[in-house]
Amino acid sequence: MSCQRTGAENFRWKMAEILCRRTLAGLTPLDEDGWEMLQCWSINDILKVKVTKPRNLAHHRKFFGLLGVIVHNQEFYKSTDHLLLWLKHRLGLVDMVPTHDGTSRIREQSISFAVMDDTQFTAFYDQAVDVLCTEVIPGLDKRELEEEVMEILGG
């Protein structure tokens, strides 16, 4: 297979993202588009590659399930949104935004799929669980919490 694209189409391919699997042979594209895109490059071309691990939807759901369990087992935080907002502040996921009057406002950073890859989200998750088990419900066992969440989510 060779690259049949030219002009603007070829530029789009050279800027596209592809999903790959790491194998013993290296990175292997997961679909035909990925293979076709790689054909647009010559052997021995040097490519700049940004490696990220896509987010795991099940892990994301587990995190929000965990927040729900915490909210239902304490009296201060009234919703998962309230608890998540506090966690972002506690873990430093905030930016100071200057205002026109010379003051600053705090803006919480996003934990969306577009902003955090799986590696970053896992680090956030681990820190959040540590804080929840030491500061929100002191003495809560992490393993027992995660087992309860998995039971609620159905495994």
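**View 1. The largest nonpolar core of this predicted model has 25 residues.** A nonpolar core here is a set of buried Ala, Val, Leu, Ile, Met, Phe, Trp, Tyr and Cys residues joined through side-chain atoms within 4.5 Å, and buried means under 20% relative accessible area with a 1.4 Å probe, protein chains only. Among the residues with the most contacts inside this core are Phe63, Ile70, Leu83 and Leu132. Helix 3 (57–72), helix 4 (80–90), helix 5 (118–136) and helix 6 each supply at least two of its residues, and helix 5 gives the most, with 9. Helices (H or I, at least four residues) and strands (E, at least two) are DSSP runs, numbered from the N terminus.

**View 2. Phe124 and its neighbours.** Leaving aside residues up to four places away in sequence, Phe124 touches Phe63, Leu84, Leu91, Leu93, Ile111 and Met116; contact means heavy atoms within 4.5 Å.

**View 3. Strand 1 (residues 20–23) and strand 2 (residues 26–29) run antiparallel, joined by 4 bridges.** Two strands pair if DSSP finds at least two bridges between them. A hairpin of 2 residues links strand 1 to strand 2. Here Thr23 has Gly26 as its bridge partner, while Arg21 stands opposite Thr28.

View 4. Just after the helix, Gly154 takes a positive phi of about 85°.

**Notes.** Residues are numbered from 1 along each chain as its sequence is written. In this predicted model, local features need pLDDT of at least 70, side-chain atom pairs count only at pLDDT 80 or more, and totals for chains, interfaces and linings use all residues, while side-chain values use heavy atoms, without hydrogens and water.

Terms used. Buried means under 20% relative accessible area, exposed over 50%, partly exposed in between (1.4 Å probe, protein chains only).
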